[in-house]
Amino acid sequence: MAVLGRRLRRRQFLQAGAATAGALILPGRAPAQAGSKPLSGITLNIACWSSPYAKLLSDYVPQFQEATGAKVNYETPSFPIYNQRTDVELSTGGSSYDVLNVTFIYIGRWIGAGWFVPLDGYLKDPQKTPADWEPDDFLPGATAAFKNPAGRLYAIPWTADIYMGGAARYDLFEKAGKPMPDTFDELADTMKAVHMKDGVPGFLPENHYGWSFIPFLQGYGGNVFRDPPEDLTPVLDTPEAIAAAEFFAKLLHDYGPDGAISYTYEQVVATLKAGRANYSPNGQIFLVQMGAKDSKVANTCNFSMCPAGPKGRFPGVATHGWGIPTGSKNKDAAWQFITWALSKPLIRQMVAERGYSSITRRSLIDSPEFKGKLTVNGHDIVKIYLDTIELGTRGYMKYRTIYVYPQVDKQIDIAIQNIASGQMSAAQAMRQAQQNSLAELQRAGIKL
Amino acid sequence: MNSERMVVHGAAALLLVVVLFPALWMLQLSFRAGGDIFDLSFVFTPTLDNYRVLWTGLFPSSFGNSVVVSLAATALSLLFGVPAAYALSRCRFKARRPIALWILATRMAPPVAFTIPFFLAYRFLGLIDSLAGLVVIYLTFNLALVVWLMRNFFDGVPRALEEAAWIDGCGVWSGFRLIALPLAAPGLVATGVLCFILSWNDFFYALILTRTKAMTAPVAIVNFMQYEGWEWGKIAAGGTLVMLPVVVFSTLVRRYLVGGLTAGGVKE
Amino acid sequence: MATQPASIERAPRPARLPRAAVPGWRREQQRSFALGLIPALLVLVAITLGPTIYLIITSLTPLDPVHPHSATDFSDPAGNYRALIADARFLNSLWVQMKLSVATVAAQLAIGLGVALLLNAGSRFLEAVRTAFILPMVLPPIVVAVVWKVIFTPDVSPVHRMLAAIGLPVHSLIADPAMALWAIAVADTWEWFPFTMLMALAALQMIPGEPIDAARIDGAGRLALFRYILFPYLRPTLVVAGLFRLIDSIKAFPLIYVLTNGGPGTATEVTNYYAFVESFNFSYWGYGSAIATLMVAGVLLLSWIIGHLGQGAERDE
């Protein structure tokens, strides 16, 4: 095995040597001559999880290669694979990638640990960012997620997934004389009225409660941390938090399908599309699938804003964006890719040719070509989308940017499961979550 | 005797259906079109779409990678492990038991424990996303398996014959080749099959240590678990395809797994 | 050397001199054996020593890649271990692990042995069927997990629906804190019983024919045959198979990951899964390494004990 390593290292030295010599001799790196491309000789390694947008973009990558002369290795593994690989890569200080997607559930960790390059320098430099690229065109609610507490920007958002309410069988709502619920009380009321009508269970959120429960937590006046990012004391055992947990878990227990706490987001989407569950508070990316061609509920679905609690409306906003890892050896070229991918002409071209693209630019959302695309079953999602993004600017999503949130997230998952499965009362479960979260933060070296 | 045989056959057949039910159900899933994946109807129009779509994209190459890696890992493990097992079985020396236990210990660490050090080492050596890298790390669980299983099977072959041969001037390894190995053949085949299966099905190491060039089949299947919904048809088709080579392999060597109580004895 | 007459160089060895009479025969034999054993040992040392040392060293630090300096922070080497002993979640995971391991190893041994005995008679049908039975083990574990996830989801599972149709509705097992672990045990046993079956079959086929024929002639019934002839031959194999299943049960991952994620609550969070969550979701590598080190130590101890008990009946000692 040692022999193998030695051989490989020798090979790498030879390759590096040849490359250096080549670079010096060949005209590729010489001052720009007429006809030579700006990035020729550079290879960019880019990865994102397999969202429709990322897969769509791969069809346009040849355009980029053609224009700049760069070679692009572009991969789109599935969500869990992408996240696991990227996390190992970043946490071990790798330099295998030049452009990476910053996944929303890892923003706190990847950006908080300084594994991505701050982009303000690039944005302010007229050489690196053309004036008509208009960075301010991106929805502030979306960019806010990628700013660290000091306000420096680390990624450009290509999607903002908003938390809203969706009903698969709105016809059952109508039969019961109920509109889409706008408050928690209305929600409880409506669920009671439509549960098991036509054999369809009423309520089904995804079992990642650290995402699907928080709007309820905050709607009752509770929160995850006392005052992120300054005060990271968890506040999961306040009376508001306990009340919220009890309410949410009761909805799950009383109006969810059998085994509701085992339903992951993919299951929820499949179940909704098959018309086997009715109302789901979830991300827009998932809920709009109900209008897809192969969905059985394309003609009976409806949508509304996330319901409001006694203390207000706090819909979650989950953003993904393109960023440059600090280990990248081609940062300038990487930035060129990002500006190209999220440039207005390209986005418009994608929408025109394929009906979809990144929708974080205000100018795109306002454009007439796009207006029709975000309508499902005759319901206008755009207004819900924009209103929710607007709400998101109030800053209640800061808990997501804290790098130790995953630990607390897991405790919240456990707590809701404990309550909904009858293992503990809401007070017991939330108190346990609080204590365990404190221990986790301590283990992470956070002084409270 | 005949009625007894029929009872045995009947029980075996029934057991087979019960045991195979989940796998058979997955098989029929792979022939269903997307929308009605969970319909309970027995009658449906089968479609090869899921398989066809599978064959474009990364799946075929990942399949090939799995074959190469599993065969290489099995061959290497047997090459190093079988002689070691024989030595442990036949040679009586003081450190025998501790060494055997240490060999077993090498495979006790959960994959979580080894992933990071191997990842760092492979990055330095340039073995990330390489088939060779996977083969090496698979030795960490296959070698101990081969040594322990084959030692057990060699123990089941009485020393008497080899001792006689040794006294007659036969070398240790000739005795191994001519006497012990043929008699332990069923064990060897079983061990080889197990090695192949364990290498074939590894997911965790392949996930972390490969990217696109050396991706293996189990990792490729997870790619069908998209963010917006599991593509059941493709997962079922992928699972069916992935299990085929191993089934074929086992069928080819089943001759050595065959034989009743009347075969393979040592006539004293 | 060159002046030696050819006749001396060519002096033939005495034809039928027994090996045992040649001095140094035993040592030569030992050397031959060493030649077979040492390469394997070298390979194992090469690929496991480094990672193991890394593991133990890391367990002495609060290593967390988000804080790079923590990699060499040896200020409190026993810190992780102290925290583990006081960690209720870790202790819970040990208890869950024990329940799961005992249940699955026992079930796999029993079922594997039973099926092997059933299939061991010589008949063409049974030979063909033998290969089919290894199918569950051959499927990629991630696919097995996904298939069983569906089987355990009442809404879409054919099994749940059939049971409901005949009037025995069963509620979701994986969402039931009391049943979730046993549901996983069932799926795990389904997946791995072919391992013990294969081992038992191979061992059965290596049993010499005479003791069995002799016993039959003496009128031994099926049960006596099994108890006094087959089982003693099978026992070492079963011990080894059980040992391997025990070690692998501790590494169980895909089923828990897909079926329950350690839930409901922490009802199915086994130690390996807890280590995974701590290491890969929260990047507490130091803490995760400490858990892994304790796991390995525990399994090593267990194996040593079982090895001692199981080899009590070793034939050549």
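Predicted model: local features only at pLDDT ≥ 70, side-chain atom pairs only at ≥ 80, totals over all residues.
Let's start in chain C, with two helices. Helix α4 of chain C covers residues 88–119, and helix α9 of chain C covers residues 180–205. Their axes come within 6 Å and cross at roughly 40 degrees. Parallel or oblique? Angles under 35 degrees count as roughly parallel, so at this angle α4(C) is oblique to α9(C). α4(C) passes α9(C) in a right-handed crossing. And what sits in that contact? It has 20 nonpolar residues, 5 polar ones and 2 charged ones.

The model scores ipTM 0.79 and pTM 0.80.

Stay with chain C. Its average pLDDT is 82, and 90% of its residues score at least 70. Which element of chain C has the highest mean pLDDT? It is α4(C), the helix we began with, at 92. The lowest mean belongs to helix α1 of chain C, residues 6–9, at 46. Over residues 1–9 of chain C, pLDDT stays under 50. For those residues the model has 1 contact beyond four places in sequence. There is another stretch of this kind. Residues 313–317 of chain C are also below 50 in pLDDT. They have 3 contacts in the model beyond near neighbours in sequence.

Now chain B. Its pLDDT averages 81, with 87% of the residues scoring at least 70. Look at residues 258–268 of chain B. Here pLDDT stays under 50, and the model has 24 contacts beyond four places in sequence for this stretch.

Next, how do chains B and C meet? The contact takes 91 residues from chain B and 90 residues from chain C. On the chain B side, which helix gives the most? Helix α1 of chain B, residues 2–29, with 13 residues. What is that side of chain B made of? It divides into 67 nonpolar residues, 18 polar and 6 charged.

Let's zoom in on that helix. α1(B) packs with helix α5 of chain C, residues 124–133. The angle is about 20 degrees, and the axes are 11 Å apart. That angle makes α1(B) roughly parallel to α5(C). Their crossing is left-handed. Please find the residues on screen. From α1(B), we have B:H9, B:A12, B:L16, B:V19 and B:L20. They meet C:F125, C:L126, C:V129, C:A132 and C:F133 in α5(C). By class, this contact holds 9 nonpolar residues, 1 polar and no charged.

Last stop, chain A. Chain A is divided into two domains. Domain 1 takes 40–160 plus 318–372. Domain 2 takes 162–317 plus 394–443. How far apart are the C-alpha centres of these domains of chain A? They lie 29 Å apart.

α4(C) and α9(C) are oblique, because their axes cross at roughly 40 degrees. α1(B) and α5(C) are roughly parallel. That's my tour.

Terms used: Residues numbered from 1 in each chain as written. Chains lettered and ligands numbered in written order. Contact = placed C-beta atoms within 7 Å. Helix = DSSP H or I, 4+ residues; strand = E, 2+ residues; numbered from the N terminus. Nonpolar A, V, L, I, M, F, W, Y, C, P; charged D, E, K, R; others polar. Domains from an automatic or database assignment. Axes fitted to C-alpha atoms, helices over the stretch in contact; angles between N-to-C directions. Parallel < 35°, antiparallel > 145°, perpendicular 65-115°, else oblique. Left-handed = near helix turned anticlockwise from the far one by under 90°. pLDDT = per-residue confidence, 0-100.
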